[in-house]
Amino acid sequence: ILAQATVGSRRKASGRHRAAMKQKATVSSSRRKSRKAYFTAPSHIRRKLMSAPLSKDLRTKYNVRSLPIRRDDEVLICRGHYHDREGKVTQV
């Protein structure tokens, strides 16, 4: 009976490499679930997700590595079609 229980609970081997151990048991490592959590996050969590690293002079001035972005912040766009452009945040 013990052998049957272990054979029935085995999963099909996936082609992708997975981490040996999870950091938090409450957070899923599934791509589908993490994308759903990202796009349906409430505003107090989305604020932390929308954080950006500071420039070197601001990092030394405030002794902080990154902050959540706010309206009227000046940012440098690093990814996408508009990369390497500076601008002002109009909406978060």
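Asn63 sits in the loop between H4 and E2, where helices (H or I, at least four residues) and strands (E, at least two) are DSSP runs numbered from the N terminus. Its phi is positive, about 60°, although Asn63 is not a glycine. Most residues other than glycine have a negative phi. At 70% relative accessibility, Asn63 counts as exposed; the cut-offs are under 20% relative accessible area for buried, over 50% for exposed and partly exposed in between, with a 1.4 Å probe and protein chains only. Asp72 has a positive phi too, of about 70°, and is not a glycine either. Look for Asp72 in the loop between E2 and E3.

Keep in mind that this is a predicted model, in which local features need pLDDT of at least 70 and side-chain atom pairs count only at pLDDT 80 or more, while totals for chains, interfaces and linings use all residues. Residues are numbered from 1 along each chain as its sequence is written, and side-chain values use heavy atoms, with hydrogens and water left out.

Now step back to the whole chain. There are four helices and four strands, and along the sequence they run α-α-α-β-α-β-β-β. Of the 92 residues, 3% are buried.

On the surface, Tyr38, Phe39, Ile45, Leu49, Met50 and Val92 make up a nonpolar patch with about 570 Å² of accessible area together. Helix H2 (31-39) and helix H3 (43-49) are the elements that give it two or more residues. Patch members have over 30% relative accessible area and no salt bridge, with like charges joined within 9 Å and nonpolar side chains (Val, Leu, Ile, Met, Phe, Trp, Tyr) within 5 Å. A salt bridge here is a side-chain nitrogen of Lys or Arg within 4 Å of a carboxyl oxygen of Asp or Glu, and areas come from the Shrake-Rupley method with a 1.4 Å probe, counting only the protein chains shown as cover for residues. Leu49 belongs to helix H3 and is partly exposed at 41% relative accessible area. Tyr38 is partly exposed as well, at 42%.

What does a search of the whole structure find in the way of aromatic pairs? It turns up one: the rings of Tyr38 and Phe39 have centres 5.0 Å apart and planes at 85°, so they pair edge-to-face. Rings of Phe, Tyr and Trp (its six-membered ring) pair if their centres lie within 6.5 Å, and planes under 30 degrees apart count as stacked, over 60 as edge-to-face and the rest as tilted.
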